[in-house]
Amino acid sequence: MSVISDPTVLDGQSRSPGTYEIEDLLELAERDDLAEAAVEEPEGADQLVQLQAKVALLEAQTALRAAGPQTRRLVRGRYRSVGGESQLELRVDVDGFRPAMRVSGDFFQTSGTTTGYVGSFVLDAPTVSSTPGVVRIEGTARFSLPVAARHVRVAIPRASGPSHGPVSATVHFSAAGGAPTATYLCGFVSPHFRSIKLEQDSVAGTVPFIEYNTGSLPQPPSSPTRTLTLPKAFEEAGIEVQLAGTSNTVPVGTAGTDAKWDEAELHNAMVNHFSLWRDAPLWQAWLLVATSFVQQGVRGVMFDAAGSFQRQGYAVFHDAIQGQDPATQRAQLRTYVHELGHAFNLLHSWDKNFADPPQPLGPNGGLGDLSWMNYTWKFQPPPPAAGGDAAYWAAFPFQFTDNELVHLRHGFFRDVVMGGNPFGVGAAEVDPELFGDPVTDHSGLTLELRSARSFAYGQPVVVELKLSSPDRRGRVTHDRLGPTDGFVTIAVRTPSGQVRTYRPPLVRCLEDNVQTRVVTEENAVYKSAYIGYGRDGLYFEQPGRYQLRAQYVASDGSRVLSDVRHLTVRTPRTDADEHVAELMMGDQQGTLFYLLGSSAESLTDGNDALQEVIERYGDHPLAVYPRLVKGVNASRDFKYLTADRNLYTVQADPQESIQHLDSVVEASTGEDGVDNLTLNWVMRRRARMEARTGDLGRAIRSLDGMATFFRDTKGLREPVVRGIAAQAEQTKERIAGENR
């Protein structure tokens with residue numbers, strides 16, 4: 001397809017100085033002066049444009065004559081041009097419910113029977129004027145692509161009366177308000193600014209949410225009582241959600257009614273089961289109402305946040321949100337809207353400054369936002385105002401914030417459309433000092449970011465996060481330290497000087513308010529995180545020196561920074577080093593390292609590459625990581641949702657899992673191998689597999705020896721060793737429950 005470099009300059013549709021403007025005809029229409037309007041047509045004008053002008057004139061006259069003194073209709077909504085190689089989809093948002101006072105549009109080009117996206121524009125602060133019959137909108141817009149004509153002028157006949165719909169909008173583009181270089185005549189399409197198709201499926205035994213009456217429980221006096229469904233909530237934001245495809249109930253088959261879903265299973269289910277799914281930017285999404293997630297406390301997840309075409313699939317978890325009482329139905333509505341908001345590329349309220357372009361944070365660093373995208377338990381206006389779940393619902397008007405409305409209605413096409421830009425759009429460039437130090441910090445919390453000093457080329461980069469407090473009395477906050485949980489952000493400066501923000505492939509929405517008292521070593525919170533692969537692909541794909549810094553958002557909104565961490569990715573020394581690195585680097589391999597394995601067919605090439613490392617380079621130091629992936633994947637049942645809507649389980653292989661995990665432990669006794677937090681988890685996972693084979697005694701011996709191993713072999717301090725011993729005892733209790 002040929003590319004139009006500048007859709008604001010089009011041959012055959014431009015105007016010369018002194019010729020008529022369609023707006024002039026509309027003014028004449030207001031005066032009902034058809035004869036004078038006819039005289040205004042210039043000789044030699046393009047015949048198509050003459051015809052368009054006549055149509056606009058007659059539409060305006062007909063509406064004005066028939067309506068008489070009735071109330072004028074709104075001009076807000078979506079318009080689209082037809083004909084020609086270049087088309088414009090226009091959004092006018094200057095009147096009606098919660099007007100954002102903006103005009104925006106997307107350009108498309110048709111070549112033969114195919115149509116492709118060209119670029120977008122937004123007019124953020126237009127000048128709006130109106131007469132009884134015409135609304136004029138004018139100003140200088142920002143564009144997603146380089147253009148010569150940034151001045152935009154829109155004229156829309158304002159039809160009157162309920163029986164007359166809006167008529168065509170005429171859009172001129174020009175340089176600094178001069179003669180138009182391109183003109184589009186856009187017919188009215190819809191009162192909605194955007195429209196998506198939503199396909200919803202549910203696992204047998206779950207009950208999908210239908211509707212909630214906002215008057216069922218106390219609400220703000222300013223919020224009208226109405227019945228809200230998922231489509232209705234978005235309709236109030238100006239977005240049409242059409243339920244499309246076939247809504248199917250997925251039989252559980254051999255998976256069991258209490259089966260827990262993980263990210264790999266959800267993505268595999270979407271690829272096989274979403275009838276509208278395509279690897280392309282399209283206005284369509286898939287919702288699965290599943291049973292429960294592998295991590296406790298997760299109500300929903302936007303799991304399709306990796307690869308080239310993201311944000312097409314999300315899930316809600318019935319076991320965490322089920323119930324028919326008003327409070328539960330209200331919470332279900334918020335979860336459904338919240339997760340679909342992520343599919344539109346809306347971030348959590350406290351994360352919006354990491355969007356691209358960055359969005360302003362609301363009150364108290366975003367935690368004070370009364371929005372679908374905030375957590376109810378996380379809601380905290382500036383002190384001393386009360387926060388928490390009760391305060392949120394007492395003030396929440398069941399709507400998006402003004403800035404969120406602007407994104408939904410007027411964000412550039414690829415920033416909003418499902419399958420377009422990655423979630424968060426690559427993150428904005430952060431401060432050159434990797435967030436920059438706060439002027440004051442009275443949080444009483446300390447965040448440490450740890451890692452190895454150097455990594456081999458291709459080695460998965462894993463960091464350790466530690467949250468503690470120098471105050472011996474401790475500080476109460478949440479213990480969500482994983483980047484996937486949404487409260488920790490890690491900035492990475494590459495050897496070339498580019499600063500990127502690590503963004504994990506998955507967005508989990510945690511609705512439980514788990515608080516902990518953080519003190520010194522005895523009660524510090526630790527978390528291991530793989531940051532080598534995320535929504536933007538590979539983050540450490542070139543040798544050299546990197547700088548890292550982490551930021552943690554505490555319960556009260558405080559933003560706690562770690563020190564800057566330096567690490568080096570070493571250049572391969574041998575051909576074997578280089579080949580192993582090539583086998584371990586790629587989107588599929590990165591996804592497998594993030595998920596710690598998957599049986600999804602869509603990741604077959606990645607699994608084959610990791611298997612080749614084990615078979616051909618089994619003695620290489622980096623082979624420990626493919627063995628970790630294979631060992632963990634063999635330790636779990638994998639639910640497989642087929643294209644013909646059958647759900648079955650690929651059973652775990654405990655013996656294969658033990659074999660691989662034994663190798664991981666052996667390779668990690670010295671300085672090489674996996675980090676200590678991962679090793680701790682691997683040893684407990686291996687013990688569960690040992691018990692699953694029937695060797696309960698071996699499992700208990702493995703767990704009993706963990707404290708001694710980490711004290712004597714790894715040299716960890718006694719407070720940390722006591723924590724490991726407590727985790728081993730908890731695993732014993734879990735094994736006892738699993739083997740009754």
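Predicted model: local features only at pLDDT ≥ 70, side-chain atom pairs only at ≥ 80, totals over all residues.

Student: What is the angle at which helix H18 and helix H19 pack, and how far apart are their axes?

Tutor: Two packed helices are described by the angle between their axes and the distance between the axes. Here, H18 (residues 706-713) and H19 (residues 718-738) pack at about 155 degrees, and their axes are 8 Å apart. Angles over 145 degrees count as roughly antiparallel, so H18 is roughly antiparallel to H19.

Student: Which residues in H18 and H19 meet?

Tutor: From H18 come Met706, Ala707, Phe710 and Arg711; they meet Glu718, Val721, Ile724, Ala725 and Ala728 of H19.

Student: Is H7 mostly covered or mostly uncovered?

Tutor: Mostly covered, as 16 of the 18 residues in H7 are buried. The length of H7 (residues 326-343) can also be checked: at 1.5 Å a residue it should span 26 Å, and its end C-alpha atoms are 26 Å apart, so the two agree. After H7 comes Asn345, with a positive phi near 75 degrees.

Student: Which residues have the most contacts inside the largest nonpolar core?

Tutor: They are Trp261, Phe317, Ile490, Ile531, Phe540, Leu548 and Tyr552, in a core of 90 residues. Beyond its neighbours within four places in sequence, Phe317 is in contact with residues including Trp261, Leu266, Phe293 and Val298. Another core, of 43 residues, lies apart from the largest one and has Leu228, Ala285, Trp372 and Trp393 among its members.

How values were computed: Residues numbered from 1 in each chain as written. Heavy atoms only, no water. Core = buried A, V, L, I, M, F, W, Y, C linked by side-chain atoms within 4.5 Å. Buried < 20%, exposed > 50% of the residue type's maximum accessible area, 1.4 Å probe, protein only. Contact = heavy atoms within 4.5 Å. Helix = DSSP H or I, 4+ residues; strand = E, 2+ residues; numbered from the N terminus. Expected span 1.5 Å × (residues − 1). Axes fitted to C-alpha atoms, helices over the stretch in contact; angles between N-to-C directions. Parallel < 35°, antiparallel > 145°, perpendicular 65-115°, else oblique.
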